[in-house]
Structure formats: C-alpha cells, structure tokens
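Open the model in your viewer and keep the selection tool at hand. The stops follow below.

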Amino acid sequence: MQRLRHIDRLPQFQRIHGDLHLGQLVSRESAHTSEWFILDFEGEPLRSLNERGQPDIAIRDLAGMLRSFDYAGAQAAGTGAITRNQGAEWARKSSEAFILGYENGSGERISRNSPLFMALWLDKALYEVVYELQNRPTWTWVPVKAVRDLFESMESGVDMGLNEMAPLAVNAGVLARISEGSYYAPHSVLGAHLGSDGKVTVRALRHLAESVQLVTAQGVIPMTHEYGGIWVAVLPAQEADHVPDYRLDVRYADGVHRTDDPYRYLPTVGELDMHLIAEGRHETLWTVLGAHVRHYHSELGDVSGVSFALWAPAVQAVRVIGEFNDWDGRSNAMRSLGNSGLWELFIPGVTAGARYKFEILSESGHWLEKADPMAYGTEVPPLTASRVVDSSYSFKDDAWMAKRATIDPHNSPMSVYEVHLGSWRPGLSYEELATELVDYVQDLGFTHVELMPVSEHPFGGSWGYQVTSYYAPTSRFGHPDQFRFLVDSLHQAGVGVIMDWVPAHFPKDEWALAQFNGGAQYEHANPQLGEHPDWGTLIFDFGRNEVRNFLVANALYWIEEFHIDGLRVDAVASMLYLDYSREDGAWSPNRFGGRENLEAISFLQEMNATAYRRNPGIVTIAEESTAFPGVTAPTSEGGLGFGIKWNMGWMHDSLTYMSEDPVNRGWHHNQITFSLAYAFTESFLLPISHDEVVHGKGSLLRKMPGDRWQQLANLRAYLAFQWAHPGKQLIFMGTEFGQEAEWSEAHGLDWWLAENPGHSAIQKLVKDLNHSYTSITALSELDNTSEGFTWLNGGDTANNVVSFVRWDKAGKPLVCIVNFAGVAYEGYRIGIPAAGAWSEALNTDLAIYGGSGVSNSGTLTAEPLPWDGQENSLRLRVPPLGALYLTPADS
C-alpha cells in the first residue's frame, strides 16, 4: 500500500474483459493462419453489472490470466496425473510465456513486481478466495496458497509468488531512505544480491537518470525505475552462488555514461581491523581509516577508485561528498560496520587529488559537514576540504635510517635548530626548503632541525599549535610527498628531523574534530576534562579507546610514513594535571583523590612505549614545565617514558640572570647555577625556543643588557654556556645571527643582519660551537649522569665566573669557564683535572667572533698547585663577557 501511494501515473483506461481466463480463449487453426477468439464478456459474477462495465486498465486482465494458469496447474494436479509442484512449475512457465507474448505483441514491458500489478493480482486472488468459499470450498486452497506464498515472500524479502524474474522486495520506507542517502546499510539493498531461487537482483541509485542499463559479460539488460532514482533489474546467475561483474550505462540529458557501482564491492575494513580499533590497539590505523586509492581486477576490466572509512559512532548515516559527485552525497551513502562506529564505502573512479568531506546525520537529525580526521592531505587554508592522497615517493635515506636504529639519541650529540617553515624564508615551498634550509643547517653544523607543527591548521597565527588535520602535512608549502622529500633531503645531509606534535588539545572549528558526531566524540564530554580555559580549545578524551588509538597511531604515522626522527610533544603539563589553569571548584579529583590526569598519563606512557618499541633510534621529547616526577623514566618503572624533557627551569632562570646588568649578576648567581642541582634527575634539553622571542618578550639579543657590543658579547657567552651545560640544546631560528626584532610569523627573519660583521660573527661562533660539540665527546656522551659533570667553581659570585668539567666515557675532560662580568681577568686561577699541557678549544672573545681578542695562545701548562678541589691548576686570561673551552693539548 505504501508503494501504491507513490504511483503518480496510471496506464490508459479502456474497456476490458474483466474476468479473462483460459476457459474464454479459443484457437482456430486453418491452412494459412491461427486465430484466437475471446468468449464470455460477463465479467466476475460477484461484481455488479455497473462495476463490470466501467473502463479499466488492461493489466487487470493480464493478472487474471496468470491466476488462470495457477488454477489450471492445480486442476491437473487434482487428477493425479502430476504432482502439485509439477503443476506449479507448469503454471510458472506458462505465465512467463504468456507475459513474453504479450510484451512482444504490445511493445509494452510488464513488471510483475510493480505495486500496481501486484495489487491487481492480489485483488483477483482475494476475489477467488471469496468465490470459492461460497461456491467450491474444495478449491479454496488454490487462491489461499497463492496469497499466503505472496505475503511470505514479501516478509522474507524474496519474491516467490508472482514473478520468477521479480526483484527481491524492499520496504518502501527503506527505499525512501536509500534514495535520500540516509540509510545506514545501503549495501543491503543496492548492488547485486543473489536470491534463493538463483536469480540476481541488481539495484543502482542514479538520480536524474533518464534510463539505466545493466551491462554484464552476457549482454545488456534494461533496468526499471523503482523509486526516487533507484533502478532495478533481475537476471539469472551465470555461476552458482555468484553475482556477476557489471557496469551501468546511464543516460542523462547530456548522453550516456558508463559507470561503475560503489555498492557491488565488499568492505575494505576487516574484522581484525574493527577488533583492534575497538580495543584501541590498531597501531597502523592510517592504513585502514581515511581515503585510500585502490585497484582491483574484474571480468569487465581493471577498476581504480578510493575507499573511504570513518569512525563516527552514534550517528544515523554518513555520506561522502566531493567534487566527484558534485558535493551531493545522496548517491554515496556509507555502510555502517556493525556496532563498531565505523563507516565504509569504495567509490570507483575517484582519483588522487580529489577533494572530499563527510556528511554526518546526527542522532538529533541534523546533517553535519566534516573534514576527514584521517585525511592525508587538505586544501590550502582557509579552504577546508580534505584531499585524496596517493603517495608515490621513494625515500633514499636508507643509510640514515639504518644508522639511526643503532644509535642511542639520548646520549649522542643533539644540537637543534627550531624552524617555523612559513617564516624562515617566507614563500618557500617544501622542495625549495629542501635546498635552502638543508644547505643552511648543514653548513652551521646542527645535528637536528625541529619543525614547529607541520600538521594542517586553519589559522596561521596559531603557528600550527591548533591542529585540525592530524594526519596531513600543511598544504601551504606543497604536497605530502614534497614534505617527504624535505625530510629525505635533511637525512641525506646528515640532519635529523624532530617535529612538534600537539595531542593536548584541538580547536573548536565546526568543520573539524569538534562535536564530530553532533556530540562529544573526540573531546571529553565533561567540560572540566574536555575544555581548556586558557586557549579556548577542546581536550581529547584520553580514556576512550578509539581516541587514544587515533593519537598513538598518529605519532607512529609521522615516524614511520615520513621518517621523522623525533616528536617534541607540546603542552605536556596541561595534560598531566586535572587542575591545570583551573580555579577551585572547576575540576574534580581522580579516583585516588589526586590532581593527576590518570587517563592522560596512561596515554603518554602507551604512546612512548609503542613508538620506541616499533622504531629504534627515535626520540620523544616532552615540553613539560613542572616538577612531575619520572618524565623520562621508563614506563616499566612507572615513568612517562619520554626520552628527553625540556628544561624549562634552566631556560627561565638563565634568561633572568642574563637580563641583569653584569654589575648586579653576583646577587643573582644562583640563577645561573641552580639548574645543576637537578640536571641529572631527568634527561634534559636546554631550549631557547620561539616562546622566548614573542608576545613582547623581545629577541634573545635584546634581552641582553648594555650597548650593542656588550649585547653581542653576552649572547656569545650565553650560547657557549648553553652548549657546554649538561643536556641537549635548542635555539630558535634567527638566534644564530642575533636576530634584532621579536619574531613574527607574518614577517620572517631579519636576514639582512647576517651581512653585518657583528652578526655574521655570531653565525661563525654557532658553527664552531656545533663543530666542538660533535667532535668533543665529553660534551654529549654522559649528558644524563652526574659522572659526566664536575664543578670547579660554581660560587665565584664576586667575579661572576662559573667553571666546570665535562667528561666522556673514556675519562677525557673538557673544561668550561664562563665570565659573565663586563671586565677581563688576568691571571685568573682555576683548578684543572689533569696535569700537563692544555689549550683553548674555543674562545668566544676572539676577533673572528666580534670579540676583544683576550685569549690564551699556545699551550698552557698545568701547575701542581691544588685549586678548586683539583691537584693541578692554571692561571688564565679570562675575557670579558666571554667563555673558554679548554682541552688537553694531546686531544
């Protein structure tokens, strides 16, 4: 009845027989022709004469004739000459022959599964039930069985009553949702489906089509429009238990187009994938979800297309929209894979580079338009669509990767140059950076670059720290493969790559992760846990398996797909504490009554343990600003499992000290030495990052007191102190030549300063510091243990001088003396850890660095005079605002 309501046009009305059956057809054969005569125009006797005489449609007589075949078969079976099954088979074949003859004679195709034909057939059969009950009760079983078979076939979805070639029946309400793309299981209706009778029903959704033909290896079959752009055809199965390969010839106003059908393909997400995702343990999640170019071979030719897979739980439907379907998702509804929250669809013909999004029908009935959380690429912001990416890049860094796997990065040189790609030299692409940045960093001798977040972000002013596409390198500078080329080029130049990674929070852009399914999906549902009050962003639900999996796999993705050597994890402190930046009453304790975010801690431990297990030689670095214990302790000992922690205390104290006039520094001496009190409680990196040269803080050069010469001298001494201090070191771009202005992502660096002798001398010093650092093993081998450091004199507050020894594993020393006073010292005595000859390995006051030239030329011989706790000592010339590195002359 529901299907009947959608009929908007009836066949032509005419005078009909009204009770046509075999008993009223007479054939007369002659020598030249065969003639048929139709007898008895009385019509059905139970109907009134007035009703019988009304114009009607010819299909009523066709339905009556089919019922007559059913009676004839039953009568033959009643004589005992044949069985009932044989009688039914004769009726079926006779019905098919009659319909075929009618179609050939009239030129009109009869769909025996159309709602109109079924209604007329049922009207006739029910009339027969009443007639037989009143007149021939022993024959009642014939129409009753026919009606029962029809209704049972409709309930089971298999047509067994009217038409052997009728399609599998589908509820009209389901067809309506299929038509509008809001059905959760479109593959259960669309595509090819094998019936129990060996016939194949094919349904295809083609809105605005004028006609559709089904193309198989056996030929072409016209399809019938069934409902709202849904076309259907039935064909015999050519191979038992198999559906045929097919294509569709679709006629639109502009002609015929041969297309493939998305709904004839099996799921691209397997049972094991779904299990691992539900458990939060799919370590290569990016190989399953997102958009993947795929290639298949079939009988009618090879097929290429893109499979789309998405995690979107608790929604009614998901559709793919893109330029390949004119951003109309009705014809590309995805299938729900059980209760996993996963949705999947393969769309033939979609190619790499195509733009797409997902339309999600929320539980509340609202359509949401979302970018793909797992997209490999995006449009250039501010555009927001995802892009299909098919990588063809082949890395050439085998030697680097093999060596990396054998090296302990925590006890090896790590001198890091922090770079914001968009403002290092504005306008450069990934490919151009692969030449200019690589040459520059290699020339200065840095062991690593650290890239501020590369993951796609809509707002450039966030510097990449508000990510919307975690799996896509920003498209501002080129294709993902071009970013691979940049990493590859750095590796071939001997430079490692660290990337900033931001799992702590994400922005509220409505087209991205926020409220992805109309509610809290990626973010925590509790605002006390799900919103960051300082940054106006959302916080991941670290306790949800799928969310944790999304983030852990993302860390692995960058390391394994792009050969990233390390991840610097941003804002770790904000993840560790439930009360971070929250007033009393705005947070709730954990289950033990503490302030630690246990779910975030568990996530960080899992991420670190998994990354190190799968990728020997990589490093994870925590930007963590509190005294949280065990940041770099192994997870097996209850630690977070990071390899290195940013030493924010050193940065803050030392910069505060350096900002003081040298006359006053003696009163603040503890700020330059206090870091050694805890230097070996964690594995540290000493950061002078972008955060220290923005938001009114000024450049590192401008933090230094005095005139320009004194500022440059202070900077030189400070950098030498940083390089010699236990721990790795990092400086932000521009620091290496004494950037004058505060950094702005919109304006880039003051490269013209590098042509100034005083500033180019800073570049020369940084280059020589890096050379000393990588060539003198005492500066890195025992970075993380107290055996690698000895104070000589850390308390000379009167002279603003600090002196200490660094050791390597073989016991070879390097002595560092830093004078933070504005005056030179002649004959300054320091203790020396070994007798014999010593020499300057580096002096920041040399003229080549822009200094005053106070130096200790030649060989220095230690005297057997105990000093600074050592048995031997030296008298030195110590330059103003300068640093000295001394090594044994024979080294």
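Select Asn-800, in the loop between strand 32 (789–796) and strand 33 (801–807). Helices (H or I, at least four residues) and strands (E, at least two) are DSSP runs, numbered from the N terminus. Asn-800 is not a glycine, yet its phi is positive, about 60°.

This is a predicted model, where local features need pLDDT of at least 70, side-chain atom pairs count only at pLDDT 80 or more, and totals for chains, interfaces and linings use all residues. Residues are numbered from 1 along each chain as its sequence is written, and side-chain values use heavy atoms, with hydrogens and water left out.

Colour by pLDDT, the predictor's confidence in each residue, from 0 to 100. The chain averages 92, and 94% of the residues score at least 70. Now select residues 156–163: pLDDT is below 50 there, and the stretch has 18 contacts (heavy atoms within 4.5 Å) beyond near neighbours in sequence.

Go to Pro-382, in the loop between strand 18 (377–378) and strand 19 (386–387). A cis peptide bond joins Pro-381 to Pro-382, with omega about 15°.

Next, show helix 19 (residues 708–724) and helix 20 (residues 757–775). Their axes come within 11 Å and cross at roughly 10°. Helix 19 is therefore roughly parallel to helix 20, a term for angles under 35 degrees. Axes are lines fitted to C-alpha atoms, for helices over the stretch in contact, and angles run from 0 to 180 degrees between N-to-C directions. On helix 19, pick out Leu-712, Leu-715 and Trp-723, among the residues that meet helix 20; Ile-762, Leu-765 and Tyr-773 are among those on the helix 20 side.

Last, which residues lie nearest the centre of the largest cavity? Select Ile-539, Ser-574, Tyr-577, Leu-578 and Arg-582, from a lining of 13 residues. Helix 12 (527–530) and helix 14 (572–576) each give two or more residues to this lining. A cavity is a set of points on a 1 Å grid over the protein atoms alone where a 1.4 Å probe fits but cannot get out; lining residues have an atom within 4 Å of a point.

Methods. Angles under 35 degrees count as roughly parallel, over 145 as roughly antiparallel, 65 to 115 as roughly perpendicular and the rest as oblique. On a 1 Å grid over the protein atoms alone, a cavity is a set of points where a 1.4 Å probe fits but cannot get out, and a pocket is an open set with protein on both sides within 12 Å along at least five of seven lines; lining residues have an atom within 4 Å of a point.
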